[in-house]
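Let's take a walk through this one together. Have the viewer open and follow along.

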Amino acid sequence: MPAIWLTLIVLAISAIGFFMGRQRALASAGGDSRNLHSLPIYYGSNAFMKSIVPAFGLMVLWMLVQPLFIDNRVVQMIPENEVAQGSNVGLVMSEVRRTADGLSKAVDVGLLDEETARNGAADLADVTQRLKDAGQVVTSEITQTVLNASQAYRSMAQTSNIMMTIAVLIVAVAGAAWGTMESTKSFRARNTVEQGVLALLIAAASVAILTTIGIILSLIFNTIEFFRLYPASEFFFLLEWAPSFSGRGGASSLGILPLLWGTLYISFVALLVAVPIGLFAAIYLSEYARPKMRSIAKPMLEILAGIPTIVYGLFALLTIGPILLSVFGDDGLGWMQGQRAVLTAGLAMGIMLIPFVSSLSDDIINAVPQAMRDGSYGLGATKSETIKQVVLPAALPGIVGAILLAASRAIGETMIVVLGAGAAARLSLNPFEAMTTVTAKIVSQLTGDSDFASPEALVAFALGMTLFIMTLGLNVFALYIVRKYREQYE
Amino acid sequence: MTDAAMTPDSAHPSKSLTHADERTKKRNAAERRFHAYGIGAICTGMFFLIALLAAILSSGLPAFRQAVVEVPFTLTQEQYDEAEKALLKTGKYTEYFVTSLTDAMESEGVEIEFDKKAIERLLGKVGGDLRAYYRENEDQLGTPVSFELAAASRVDRYLKGTFKREDLQSGNRFFMPEDFNLIDAMREAGLIKQVFNWNFLTGVDTGVDNPGGAGIGASVLGSFFMMLVVLVLSLPIGVAASIYLEEFAPKNRFTDFIEVNISNLAAVPSIVFGILGLAVFIQFAHLPQSAPLVGGLVLTLMTLPTIIISTRASLKAVPPSIRDAALGVGASKMQAVFHHVLPLAAPGILTGTIIGLAQALGETAPLLLIGMVGFVARYPDTFVEGFIEPNSAVPAQIYNWAARSDAVFTEKAWGGIIVLLLFLITMNTIAVILRRRFERRW
C-alpha cells in the first residue's frame with residue numbers, strides 16, 4: 001500500500017520537524033526554557049502542525065481530484081460509436097477501471113510483464129487470457145478501445161501517483177523547515193499552535209454541515225437525473241408501482257403513491273399500538289408508580305429501545321407473522337394470505353416505538369409544575385381527574401411533539417418493513433394484505449445491481465429525497481411544538 | 001330551624017363521609033380504571049419484552065448446539081495398506097466406518113441395516129475425514145481412536161424436533177425416509193451427543209447447499225473492522241466538534257447553523273445515510289464496494305450526532321469554577337480546556353461513545369445499500385485487507401440468513417441475534433459501570 005507508506009513517511013518527517021523545532025527554540029534561548037515565549041513543546045508542535053496538516057490536506061485533495069481528472073481525459077479516448085446500444089459511457093468507464101485494475105494485479109502476480117501491460121499494440125486475446133489466468137474478473141471481450149483506454153488510465157494513474165508522492169513530501173519537508181525556522185525565542189508559538197487547534201476544532205464541527213450538504217447534494221443530483229429519464233408527473237401521480245426487471249426504462253411504472261400509502265398505513269398501525277401503551281405507561285410511571293417500581297420498569301422498557309431494528313424485523317417475520325397467520329389465516333378466520341402483512345410490520349414497529357413514546361412523554365409530564373397538580377387536588381379532584389383535566393392538557397403540545405417524532409421514526413424505519421411488510425405495492429385498506437413502503441423499495445432498487453444509470457435504480461434517490469423531506473419536516477414541526485410549549489412555564 | 005335540617009336522610013340521603021354516594025362511587029371507579037390502564041400498559045410493554053427475549057432464546061440457542069456421532073474406531077496397518085491401494089480410497093474408509101458403526105451399535109443391542117450412502121447423507125464425507133486423519137497420524141494405526149463426526153443439518157433438526165418424519169414427502173439425495181430409522185438407532189445406542197457448535201462462532205457463511213456449516217465468525221470480524229473505523233474517526237471528530245461548540249463558539253449564525261444541522265442529522269433515517277454512502281463514497285470516490293471501510297465511514301457520519309450530543313452534556317457538567325481556577329493561575333483558554341475540563345469530562349465522553357458504538361453495531365439498513373450483504377466466505381488475510389476487502393457485518397449477515405428460505409438458516413439468524421445482543425449487552429454494561437464508577441456530582 002503506497003498510500004500507507006506515504007502516510008508513515010509524512011508522519012516521520014513531521015516528528016523530525018517536532019524535535020528540530022523544539023531543539024532550535026531551546027538553542028536560541030541558550031538552553032534555558034524560561035527565556036522562551038512559550039513552553040518548548042509548543043515550538044515543536046508548531047513545526048509538526050505546519051508539516052503534517054498541509055501534507056495530508058494535499059494528499060486527500062489529490063486523491064479526490066485525481067480520478068475526476070483522469071476520467072475526464074480517458075473518456076475522450078472512447079468514441080461515441082464504441083458505446084454499445086443500451087449501455088452508456090459510465091458503464092464503459094467502469095469497465096476501463098476494472099481492466100486497468102486487473103492489469104496492475106496481473107503484473108503483481110507475475111502473469112503479465114510491465115512491458116505488455118503498457119504496450120498499446122499488445123495482442124488483445126492474449127492479454128484477456130492472461131488477465132483471466134490471474135483471476136481477474138473481466139468480461140469476455142475487452143475491446144481494443146477499452147484496452148487502450150485502460151492502459152492510458154493506468155499510466156496516467158501511475159504518473160499521478162508519483163507526482164503526488166513527490167508533491168506531498170515536498171510540502172511536508174517545507175512545512176517542517178518553515179516551522180523550525182520560525183522557532184526563535186521571541187516567536188509566539190503557543191498562540192500560533194492554539195489558533196491552529198481552534199481551526200481544527202472548527203473543521204471538526206463543520207463535518208455536520210458537510211454531511212448535510214453531502215446528503216442533500218447526492219439526493220438532488222440523482223433525483224434530477226431521474227426526472228430527466230422519467231416524467232415527474234408520473235412519479236408523483238401514477239397509482240402503480242411496477243418496475244421492469246429486464247429492460248432499461250420504458251415499461252416501468254414508478255408511481256410513488258402506493259409506496260407512500262403503505263408507509264403511512266404501516267406507520268399508522270404502529271402508532272396505534274405505541275401511542276396508547278407508551279402514553280399510559282408514561283402516565284403510570286410518572287404519576288402513580290412508587291420510586292422502586294419506577295426504577296425497575298423504566299429501564300426494562302428502555303431495553304426495547306436499545307434492541308437493533310433487525311431483531312424486530314426477524315421477530316415480525318418469524319414470530320408475529322406466524323401467530324397472526326394462525327389466527328387470521330386460512331386455518332382461522334381466513335382473512336390473511338401470508339405472513340407478511342401491514343399488521344405484522346405495524347405491530348413489530350409499534351413495540352419498537354413504545355419506549356420512544358413513553359420516555360419522551362415521561363419527560364414532558366414530569367415538566368408540568370407540581371403546583372398545578374396541588375391546585376387540582378385542593379379543589380377535590382381525584383388523581384385520574386387531575387391527570388385527565390390538568391396535567392394532560394398542559395402537556396398536550398409536548399405529547400403531540402413526541403408522537404410526531406415517533407411518526408418520523410416509523411416512516412424512516414427500514415429493516416422491519418423489509419422483512420415484515422412484503423414486496424408488493426398495493427393501494428388497499430386491508431391490514432392483512434402485504435404492502436410495501438418507501439424505505440423497503442429504496443433497499444430493493446439499490447441492492448444487487450450496481451448500474452446507477454437506469455431509472456429503476458435512480459428512482460431510489462427520488463424516494464430517498466421524499467423520505468428525507470418528510471422526516472425532516474416532521475422533526476422540525478415537532479421540535480417547534482415542543483419548544484413553544486416549554487416556554488410556558490419558565 | 002327548618003324541618004329539612006332535622007331529617008337529614010330524606011333530602012340528601014348520603015352526604016356522609018362514611019357512605020359514598022353514586023357519584024363518588026363512579027368517580028372512584030373511574031380512578032381505579034385509569035390506574036388499571038396504566039398497569040395494563042406497563043404489563044403489555046413487559047410482556048412484549050419477555051415475548052421478544054423468549055423468541056430469541058428459544059429459536060436461537062439451538063444454533064449453538066450441534067449433534068455429533070461419536071464412534072470408537074480402530075484401523076489396522078493391513079486395512080490401511082489395503083485402503084491406500086484401493087481404487088476408491090475414501091470409499092474403502094467409509095466401508096470400514098460402516099462396519100465399526102454396526103459393531104458399536106450391536107454391542108449396545110441395536111441392529112439395523114444401512115449402507116455407505118446413508119452414512120454419507122447423514123455424516124458427510126466420512127471416508128475423506130478418516131483418510132486425512134490417518135495419513136497425518138500414521139502412529140495411531142492399530143490403536144482405538146474415538147471419532148466425533150458432525151451430523152448433517154437435517155439430522156440436527158430432526159433431533160431438535162424442528163424436522164419431523166411427516167415433513168419429508170419423498171426422499172432425495174440429501175435425505176431418505178429410512179434415514180430416520182438409522183438416526184433413531186444411533187440415538188438408542190447412545191452414539192449421538194450434543195456438543196457446543198464452535199463452528200457457528202468461528203466459521204464463515206456458506207452456500208445454500210450446506211446450511212449447517214454456516215458460521216458468523218467472518219462477519220463478526222467485518223463488524224469489528226467497521227467499529228474500529230467508527231471509533232478512530234467519530235471519537236476525535238465528535239470530541240473536537242463538541243469542544244468547539246461548548247467552549248469556544250461565539251453565539252452567531254454559523255454556530256446556530258451547526259447546531260441545527262447536528263440536531264437534524266440525529267433524526268435523519270439511517271437508510272438516508274446509506275444513500276449518502278452509496279452516492280459519495282462508492283459512486284463518487286470509487287471506494288471499494290462492500291468494504292468495512294465504507295461501512296465504517298457511513299456509520300461514523302451516523303454516530304457523530306449521538307457522540308456530539310452526549311459529549312456536550314458531559315462538558316457542560318464540568319463546573320465553571322474549574323475553568324476559572326485554571327485561567328486564574330495563568331493557563332490559556334485552550335490549556336484550561338485540554339488540561340482540566342477534558343480529563344474531568346472523559347468518563348462521560350467514553351460512556352457516550354460506547355453507547356454510540358453499540359447503536360452503530362446494530363445498524364443494518366445503510367449496510368444493505370453499500371453492498372455488505374453479498375455472499376463472502378472468507379477471512380481477510382492481512383490487517384489492511386480487513387478494511388478494504390469485501391466482507392459482511394453481523395446484522396447484515398443476519399438479514400442475509402433471514403432472507404433465505406431454509407429453516408436451518410432461520411435458526412442461524414436467531415443465533416446471530418444472540419451473538420449481536422451479547423456484544424450490545426457487554427458494551428452497555430461497560431458504559432453503565434464506567435458511569436457508576438467515575439460519575440462525579442459537583
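Which residues in helix 5 of chain B meet which residues in helix 7 of chain B? On the helix 5 side of chain B, look for Lys89(B), Thr90(B), Gly91(B), Tyr93(B), Thr94(B) and Phe97(B). Their partners in helix 7 of chain B are Val126(B), Gly127(B), Gly128(B), Leu130(B) and Arg131(B). Keep in mind that what you're looking at is a predicted model.

Now for the geometry of that pair. Helix 5 of chain B covers residues 89–107 and helix 7 of chain B covers residues 126–136; their axes come within 7 Å and cross at roughly 100°. Angles from 65 to 115 degrees count as roughly perpendicular, so helix 5 of chain B is roughly perpendicular to helix 7 of chain B. As for what sits in this contact, its residues split into four nonpolar, five polar and two charged.

Let's zoom out to the rest of chain B. The chain is divided into domain 1, residues 65–196, and domain 2, residues 217–438.

Over to chain A. Its secondary structure comes to 17 helices and two strands, and of its 490 residues, 42% count as buried. If you take the contacts in chain A between residues at least 6 apart in sequence, 74% of them join residues at least 24 apart.

Next, the nonpolar cores. The largest has 183 residues, and the members that touch the most others are Ala348(A), Val357(A) and Ala406(A). Helix 9 of chain A, residues 257–288, supplies the largest share of this core, with 17 residues. Click on Ala348(A) and, leaving aside residues up to four places away in sequence, you'll see that it touches Tyr312(A), Phe315(A), Ala316(A), Ile320(A), Ile416(A) and Gly420(A). There's also a second, separate core of 27 residues, and among its members are Phe73(B), Phe97(B), Leu123(B) and Ala152(B).

Last stop: where the two chains come together. Here 67 residues of chain A are in contact with 66 residues of chain B. On the chain A side, helix 7 of chain A, residues 189–229, gives the largest share, 19 residues. Sort that side of chain A by residue type and you get 46 nonpolar, 18 polar and three charged.

Key:
Residues numbered from 1 in each chain as written. Chains lettered and ligands numbered in written order. Predicted model: local features only at pLDDT ≥ 70, side-chain atom pairs only at ≥ 80, totals over all residues. Core = buried A, V, L, I, M, F, W, Y, C linked by C-beta atoms within 7 Å. Buried ≥ 20, exposed ≤ 12 C-beta atoms within 10 Å, placed from the backbone. Helix = DSSP H or I, 4+ residues; strand = E, 2+ residues; numbered from the N terminus. Contact = placed C-beta atoms within 7 Å. Nonpolar A, V, L, I, M, F, W, Y, C, P; charged D, E, K, R; others polar. Domains from an automatic or database assignment. Axes fitted to C-alpha atoms, helices over the stretch in contact; angles between N-to-C directions. Parallel < 35°, antiparallel > 145°, perpendicular 65-115°, else oblique.
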